[in-house]
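Subject: Two-chain model, handover

Hello,

The structure is below, followed by my notes on what was found in it. Please read the notes with the coordinates open.

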Amino acid sequence: MTTPLSAFRPAYVVGIGLHPYQRMTETPYPVLGLAAVREALRDARIDWPAVESVYHGTALLGMASTRAMLRHLGGTGIPMQQIENASASGSTAFRLAALEVATGVSDVSLAVGVDKPSARPLAGSQTGIRGIEGGRVVPFTHFALLAQRYMERHGASPEDFARVAVKNHGNGAHNPYAQRQQARSLIDVLNDPAISGPLTRLQCCPVGEGAAAVIVASEDGIARLGIDRKRCVRVLSSAQRTEVVYAESSNFDAELTRQTTVQAIAEAGIKPSDLDVIELHDAFSVEEIFYLEAMGVAGDGEAPAMLRSGAFDIGGDVAVSPSGGLLAMGHPIGPTGVGQIVEITRQLRGEAGVRQHANARVGLAHMVGVGAVCVVHVLGSN
Amino acid sequence: MRYELSHPDLYREARGDSVELLGLKCSKCGYVAFPRQRYGCEKCGATADSLLDVELTASGTLVSYAKVHMHQAKAIAAPFVIGEVTLDAGPTIRATMVEPTDDAMQIGARVAGRLFPVPALPDAPSDKLELRFSLLDQPDARS
């Protein structure tokens, strides 16, 4: 018999912190990570010795990055490890921290994500298996191909995808941690340099540097450390899957998202229509359309019309990418999935300021990564 | 001069000017895949002795396309067009199209692969044959 996270004791997000996502600088990575971790400790109003384990989502820093950074908080001897799972590295680190607390191994665990851009090739290029496209199909072209198919099947237009970027850049303009903080019009997005198929530069996420940190605690930890229960957000479910062989020429990222989300929302005991806030993997504008439909938030082919009507705005039916998403907040890889949990926690606490979606009670975080992998969490206000 | 294939592990010349992709078929589950590998079946896990060599004719139907305007790698000159092709033999592949623009591209169009001399670098002399797909002449609907 197997047991999902929700069947163990409750696990809560009790502290959140970020270092702004930004273009690569000369700043050493410990500066980024320590800023996010110290902010999360201050947010939880606890001290570093209260933390019992660390899961560090990072894909690009290289071997043994965690203690080299966190030793500057004062060595306490706790277990620490790097978690690499492509774009879902941070999401996977958070899942492991939540599972460790839920199963009772620890009362307080830290999930942190830190990365800086690197030119290291993907392991997939070293498997000894290569295709015939000769390196010409990079991620933006993978999604441009899927976008072209979507336009043909549903009569959608390039404007339908560009509107995702308009919404998310609008949200990012109000997020002081976002890499892109400038609102853009539909004309700005469409007239931006063409990249691949219907995608323009502003419909592709910036990959820079940054850090995000989330502290997870049990009821026992919360009581023992005197943490404010009103600011705790419960982890309702955690689901993680990998790709299988789907029907030929299917959208595997969307299919994987569908299966993983079904599992996560069933475990949380909710329906897609219960979601108030969603942070999803909008590395490219078209992905937001695909995944909202795969999640059951929109019917097949219906996401563009709902987007146009404002359904996915802050204050709409469900706020999608209120942080600005990967498109505007940015996608520094390791931090991204942890940063989604930070935004959802802020929203469910009612502390998101001008980005606040009113009465947000249930939020969903979703990341996919090359491979392909998918991680989905559902969080609920306490 | 006689041109060499740039990827003899991936495709070979066949009758006329047609091309065959070097694929595999799993004798346990029937899954047909490209490219060829000996690690194990992606669908059922059968080991190398169940993976039979099959040749997949490089013809099929265009299921999507994208004109790529920018590319990070300096050796790859943009723009170019990528086609996503479901081969008549089953697998869906992605290939570089001969056509320099996507003006005539249409999902559902018939396409086929041919070998073309392609320089390794944009200004270098052609010395290898590479596989490129192109649109086949469509029957004229008015005739």
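**Helix H4 of chain A**

Helices (H or I, at least four residues) and strands (E, at least two) are DSSP runs, numbered from the N terminus.

This is a predicted model, in which local features need pLDDT of at least 70 and side-chain atom pairs count only at pLDDT 80 or more, while totals for chains, interfaces and linings use all residues. Residues are numbered from 1 along each chain as its sequence is written, and chains are lettered from A and ligands numbered from 1 in the order in which they are written.

Among the buried residues of H4(A) are Phe140(A), Phe143(A), Leu146(A), Tyr150(A) and Met151(A). Buried means that 20 or more other C-beta atoms, placed from the backbone, lie within 10 Å of the residue's own. Within chain A, the buried residues of H4(A) pack against H5 (158–172), E5 (194–196), E6 (199–200) and H9 (285–294); in chain B they pack against E6 and E7. Gly155(A) follows H4(A) and has a positive phi, near 65°.

**H5 and H9 of chain A**

The axes of H5(A) and H9(A) come within 7 Å and cross at roughly 100°. That makes the two helices roughly perpendicular, a label that covers angles of 65 to 115 degrees. Axes are lines fitted to C-alpha atoms over the stretch in contact, with angles from 0 to 180 degrees between N-to-C directions. H5(A) contributes Phe161(A), Ala162(A), Val164(A) and Ala165(A) to the contact, and H9(A) contributes Ser285(A), Val286(A), Glu288(A) and Ile289(A).

**Strand E1 of chain A**

Of the 11 residues of E1(A) (12–22), 9 are buried, so the strand is largely enclosed by the rest of the structure. E1(A) pairs antiparallel with E7(A) (209–217) over 8 bridges; pairing requires at least two DSSP bridges. E1(A) also runs antiparallel to E8(A) (233–242), joined by 2 bridges. Val13(A) has a bridge partner in each: Val216(A) in E7(A) and Val233(A) in E8(A).

**Chain A with chain B**

31 residues of chain B are in contact with 22 residues of chain A, where contact means C-beta atoms, placed from the backbone, within 7 Å. On the chain B side, E6 (59–68), E7 (80–87) and E8 (92–96) each supply at least two residues, and E6(B) gives the most, with 6.

Regards

Definitions and conventions
Contact = placed C-beta atoms within 7 Å. Buried ≥ 20, exposed ≤ 12 C-beta atoms within 10 Å, placed from the backbone. Parallel < 35°, antiparallel > 145°, perpendicular 65-115°, else oblique.
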